[in-house]
Amino acid sequence: MGGRGAVFSLEAAMTIRRATPADAPGVARVQVDSWRETYRGIVPDDFLDGLSYGRREQMWRGGLENPSWQGVMFVAEDRALGVVGFVAGGPPREPLGSFDCELWAIYLLRAHQGKGLGRGLFTRFVGEMASLGQTSMFLWVLAENPTVEFYRHMGGEKVAEKEVELGGKMLLAHAYGWHDLGVMGW
């Protein structure tokens with residue numbers, strides 16, 4: 001492999017691109033594995049252990065194959081490992097104030113965090129939403145998520161909270177909002 005002077009660039013090995021139906025298995029793997037990595041000790045183990053790659057794959061493939069699906073999805077792909085992260089969103093699943101769109105999901109395998117991929121996925125999604133005429137956005141995240149600081153770092157401000165039930169346990173979720181997607185020049 002590479003002789004003297006060869007340079008390995010993480011960025012060169014990674015691509016962020018629009019998802020296709022063929023990405024559904026990788027997206028499902030990232031979502032389930034990320035939940036297990038992130039929420040072990042927060043969400044009941046039975047719930048995490050019951051997450052299904054097959055059900056997640058079917059859900060995402062159903063959206064990606066549907067021409068009228070209103071969602072937008074991008075994947076972070078490692079040339080050697082395949083899909084290692086993704087972001088998806090679109091119309092709000094339930095209204096929250098005057099926000100135009102919702103970031104439904106952003107997941108990145110732990111081994112690939114801290115390298116700029118999360119920021120890349122986030123900014124790619126926000127840029128796409130802004131180009132589609134969306135002016136504001138929100139997302140929901142469990143308050144105990146150890147990566148919640150990422151959303152504040154990306155300019156989000158806490159705009160709401162609610163309790164959600166996962167695996168028989170009540171957990172607090174926070175909504176972070178961005179009131180003007182054009183301000184930061186995504």
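Reader: How many residues does helix α5 have, and how far does it reach from its first C-alpha to its last?

Author: This is a predicted model. In it, helix α5 covers residues 117-131, which is 15 residues. Its reach is 21 Å, close to the 21 Å expected at 1.5 Å a residue.

Reader: Which residues in α5 are buried?

Author: Leu117, Gly118, Gly120, Leu121, Phe122, Phe125, Val126, Glu128 and Met129.

Reader: And what comes just after α5?

Author: Glycine 133 does something there: it takes a positive phi of about 90 degrees.

Reader: New topic. Where is serine 34?

Author: Serine 34 is in helix α2, residues 24-39.

Reader: Buried or exposed?

Author: Serine 34 is buried, because its relative accessible area is 2% and the cut-off for buried is under 20%.

Reader: What is serine 34 in contact with, leaving aside neighbours within four places in sequence?

Author: Tyr39, Tyr107, Leu108 and Leu109.

Reader: Now threonine 15. Which strand is it in?

Author: Strand β1, residues 14-18.

Reader: Why is threonine 15 called partly exposed?

Author: Its relative accessible area is 33%.

Reader: What does threonine 15 touch, beyond four places in sequence?

Author: Threonine 15 is in contact with Val75, Ala76 and Glu77.

Reader: How far is threonine 15 from threonine 135?

Author: In sequence, 120 residues. In space, 26 Å, C-alpha to C-alpha.

Reader: Let's zoom out. How many helices and strands does the chain have?

Author: The chain has 6 helices and 7 strands. Along the sequence they run α-β-α-α-α-β-β-β-α-β-α-β-β.

Reader: Why call the chain as compact as a globular protein of that length?

Author: Because its radius of gyration is 17 Å, close to the 16 Å that the globule rule gives for 186 residues.

Reader: What box do the C-alpha atoms fill?

Author: Roughly 55 × 40 × 35 Å, taken along the principal axes.

Reader: How many of the residues are buried, as a percentage?

Author: Buried residues make up 42% of the 186 in the chain.

Reader: What about contacts between residues at least 6 apart in sequence?

Author: Of those contacts, 64% join residues at least 24 apart.

Reader: Last one. How many charges are there?

Author: The chain has 19 positive and 22 negative charges. Their mean positions are 6 Å apart.

Key
Residues numbered from 1 in each chain as written. Predicted model: local features only at pLDDT ≥ 70, side-chain atom pairs only at ≥ 80, totals over all residues. Heavy atoms only, no water. Helix = DSSP H or I, 4+ residues; strand = E, 2+ residues; numbered from the N terminus. Expected span 1.5 Å × (residues − 1). Buried < 20%, exposed > 50% of the residue type's maximum accessible area, 1.4 Å probe, protein only. Contact = heavy atoms within 4.5 Å. Rg over C-alpha atoms; globule rule 2.2 N^0.38 Å. Lys, Arg positive; Asp, Glu negative; His and termini not counted. Charge placed at Lys NZ, Arg CZ, Asp CG, Glu CD.
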